[in-house]
Amino acid sequence: MKKTLSIIALSVIGLGLVSCKKEENKEVQNAEVIGVDTTNAPVTDSTTTPVTPTVAGTEAAAPVKSNQPTTTIALSESNFDFGNIKKGAKVNHVYEVTNTGTNPLIISEVKPGCGCTAPDFTKEPIMPGKKGKITLSFDSANFDGAVQKYADVFANVENAPVKLTFNANIQP
């Protein structure tokens, strides 16, 4: 039993390490942000449900819904292009978030899709009409060529998680 658990644990760790290697440098096509209005008008309807990924045939737990009353948000942008950056460069970008609803906006977690991306975000509630920030920092050391990365933002909004993406072209 211990041997089986050890093998599973090592497989999961190995899968995590591989996820940030060059093989993952495939461009994500048709990246779509659901339930987020980037024009400062609230979005009230969506029929798409986020998909929860699975690992090694096991089902991953779906994110827990917040007990907070929901609100709406507007992003300054949902995708950012760093353009050409030198391999090994560490770059970051700040996404501005505006609470366009009537309840305080609470960002509970920002979860990057890769260990090469580190998040920082406004931890205190963002009051209606006020702005907060989400910063994504990217370490390009393990990449070459065109990459697209993402982070899921978990907050008390109807269609959470909200997906933020960025692109970069890594040059030697």
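I take a residue as buried when its relative accessible area is under 20%, as exposed over 50% and as partly exposed in between, with a 1.4 Å probe and protein chains only. With that cut-off I looked up strand β9 (residues 145-155) and found it mostly covered, since 8 of its 11 residues are buried; strands here are DSSP runs of E with at least two residues, numbered from the N terminus.

I note that this is a predicted model, in which local features need pLDDT of at least 70 and side-chain atom pairs count only at pLDDT 80 or more, while totals for chains, interfaces and linings use all residues. Residues are numbered from 1 along each chain as its sequence is written, and side-chain values use heavy atoms, with hydrogens and water left out.

**Confidence.** I checked pLDDT, the predictor's confidence in each residue from 0 to 100, and the protein chain averages 75, with 61% of the residues scoring at least 70. Over residues 9-65 pLDDT stays under 50, and the model has 62 contacts beyond four places in sequence for this stretch, a contact being heavy atoms within 4.5 Å. Where pLDDT is low, the predicted coordinates should not be read in detail.

**Strand pairing.** I count two strands as paired if DSSP finds at least two bridges between them. Strand β6 (residues 107-112) pairs with β9 in the antiparallel sense over 5 bridges, and I107 has A155 in β9 as its bridge partner. β9 also pairs with β10, again in the antiparallel sense, over 9 bridges; V147 stands opposite A168 in β10, and a hairpin of 6 residues joins β9 to β10.

**Aromatic rings.** I searched for pairs of Phe, Tyr and Trp rings (the six-membered ring for Trp) with centres within 6.5 Å, calling planes under 30 degrees apart stacked, over 60 edge-to-face and the rest tilted. The structure holds 4 such aromatic pairs. One of them is F82 with F166, which is edge-to-face because the ring centres are 5.4 Å apart and the planes stand at 80°. F82 lies in strand β4 (residues 79-86) and F166 in strand β10 (residues 162-171), so this pair ties together parts that are 84 residues apart in sequence. F82 is buried at a relative accessible area of 15%, and F166 is buried at 1%. Both belong to one aromatic cluster formed by F80, F82, F138, F143 and F166.

**Charges over rings.** K123 lies over the face of F121 at 4.2 Å from the ring centre, and K163 lies over the face of Y150 at 3.8 Å from the ring centre.

Methods:
Helix = DSSP H or I, 4+ residues; strand = E, 2+ residues; numbered from the N terminus. Lys NZ or Arg CZ within 6 Å of the ring centre and 35° of its normal.
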